[in-house]
Amino acid sequence: MFRRFAGNRPRADAERRVFATRVAVASVSVFRRLILPALCTIGLIGAIELAIQLRYHPGFWQKTTWLMHDPYKGELFDRSELYLRLSHLEDSDPDIISVGDSSGFFSLQSTIVNRFIPGHQFLSLNTGANQAFIGYQAIAEYMLRRTKHIKYVVLYIFPQLLPQEEVIQIADLGPITENDLVSLRSYVTPPSAFLSPYAKDWLFNGQRFHFGGPPSNHMPTLQLWSTVDDALGWLPEFDVRYDRIDGRSPFYSDARSGWYNRLGLTEPSAINANLADFEAMVRSYGARLVVAFGPISRRGVKPGDRNATAADAALARFQREHPEVKFLFPLITRWGEEKFGMYNHVSREYAFLSSERLGAALASLLRDPDSIPPFTAQLKDPGPYPAIVAKPLGPPDPTLPKPALALYLHTSTGDPASGELMSRRVTDLLAGEPAYRGMMADTRTRTTSLAARGIEIGFDLSQLRAVPVEVSGLPHCADRPGVEWAQLEGSMIFTYDSADAHVREPVRWPRESYIFVPTIVEDGERRFDGYCPEPSPEAAARAAR
């Protein structure tokens, strides 16, 4: 048996050599047919990417797909404004930033806020609610990674757009913002991606893309592109006017969906869960979270809205559990209806007030953080609102639009003629407002800068009508003999003229918006008399004298 086994060994060795040879041949074949072509392809792609990088040196904002990601979604302005503001201002080295919804985007002028906090640099990076809340957090994290001096991140939001599921579910840009700004994608996007907007802009919009030029000929985009550096990214609202009498938005439920949230093992409040995540991210970079709520129209809270009181209570509990977070304002601060263009946007002529409000609060925070009291639930149901009734007194008066819009036009362009159409009461009040003086200085700076580049921004009032009306039930801080009301209706036409663009964009100001403006006759001339200070009751009392 041993001899038989020994005799079989040469045959076994030969078979093993044949098998090894076949495996080697097969391995060479696989390498030549699969692995080598793959390596060559990878090498070629790498060589192309290297050549593009060496030739064009594309930076982050050229390579990112943010601007033209899913261009068919129709959200180009929301992408453009963030693209313009971050790409222009990311190196401004602020030590305080704000993120949040458009109540801050249109209502916070960083240049005015900064006048209240000398030695510090504030930058508003508020966007739109379709970034909520993942997008807000991503913008903050992007800046925290880039700027090591940030001490405070202000989450500035409208009271009815809290971090709740219904708000977040409709915010389809939030995950895209996160992916493009702070996820792995933001680090590994190849240099060739900078060619994407050239192809997509031609394919989807039928136009040529120019890096550094305006992303579109949409009026707000053009104005933001033209003023982003001078205004530190602030843009005035271009709102279709909302119903100032009965226009109000509800609060959303704070409950969290999903069966697992009903087991009692997770945080039951969406507000608390999302704010806790936000605070943890901010703290991980050595900064502190501050929460600020924008003002709301005095008729803006729906009577009997249980979600409102539940939200107030949830925020109070969050404060007790996170005493290191500072809340600058109560959930609800009521302002006059005339202060708003849209229910959540302070009208452009009153942005100095909302900026002053935040600037003064930040000054107190920086001077003595302990001076900021803890947030407590203090919302009370407003009950039914008094009826407001307007009775037309005649046909539209073509002489009324300019005085009725005097403050609106003057703050937008610095036009001296509009300033002369404001009453002495209004002029004296505004002269004592440092924030207003700062706003007008900023307006003149922007206008001069635009003119030097051959750009003119203006207004066409030809489609706007002003009807004399008698109004009852609408409070006014200076309701005195001689005050006459006008109701504006029609379309405000915004104009933009430059060597490359001549744009006219009408925006509806419907009759159903109930835009009532008080005027008064002085020296034989009708003048705007609609300014009332906010929110100080003492200042309002002085205004009535």
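User: What makes C477 and C532 a disulfide?
Analyst: In this predicted model, the sulfur atoms of C477 and C532 are 2.1 Å apart. A disulfide is a pair of cysteine sulfur atoms within 2.5 Å, so the pair qualifies. The count by this rule is one disulfide.

User: Which parts of the chain does the pair link?
Analyst: The pair links distant parts, 55 residues apart. C477 is in the loop between strand 12 (464-472) and strand 13 (484-497), and C532 is in the loop between strand 16 (525-528) and helix 20 (537-544).

User: What is the handedness of the link of C477 and C532?
Analyst: The link is left-handed, with -90 degrees about the S-S bond. As for accessibility, C477 and C532 are both buried.

User: Why is C40 called partly exposed?
Analyst: Its relative accessibility is 48%. Buried means under 20% and exposed means over 50%, so C40 falls in between and counts as partly exposed.

User: How do you know that the span of helix 13 is close to the expected one?
Analyst: Helix 13 (residues 306-321) has 16 residues and reaches 23 Å from its first C-alpha to its last. At 1.5 Å a residue, 22 Å is expected, and the two values are close.

User: Which residues of helix 13 are buried, and what covers them?
Analyst: The buried residues are A308, A311, D312, A314, L315, A316, F318 and Q319. Their cover includes helix 12 (270-284), strand 4 (288-293) and strand 6 (326-327).

User: What does a side-chain oxygen of D305 reach at the start of helix 13?
Analyst: That oxygen of D305 comes to within 3.0 Å of the backbone nitrogen of N307.

Notes. Residues numbered from 1 in each chain as written. Predicted model: local features only at pLDDT ≥ 70, side-chain atom pairs only at ≥ 80, totals over all residues. Heavy atoms only, no water. Helix = DSSP H or I, 4+ residues; strand = E, 2+ residues; numbered from the N terminus. Expected span 1.5 Å × (residues − 1). Buried < 20%, exposed > 50% of the residue type's maximum accessible area, 1.4 Å probe, protein only. Contact = heavy atoms within 4.5 Å. Polar contact = N/O pair within 3.5 Å; in protein donor to acceptor, adjacent residues only side chain to side chain.
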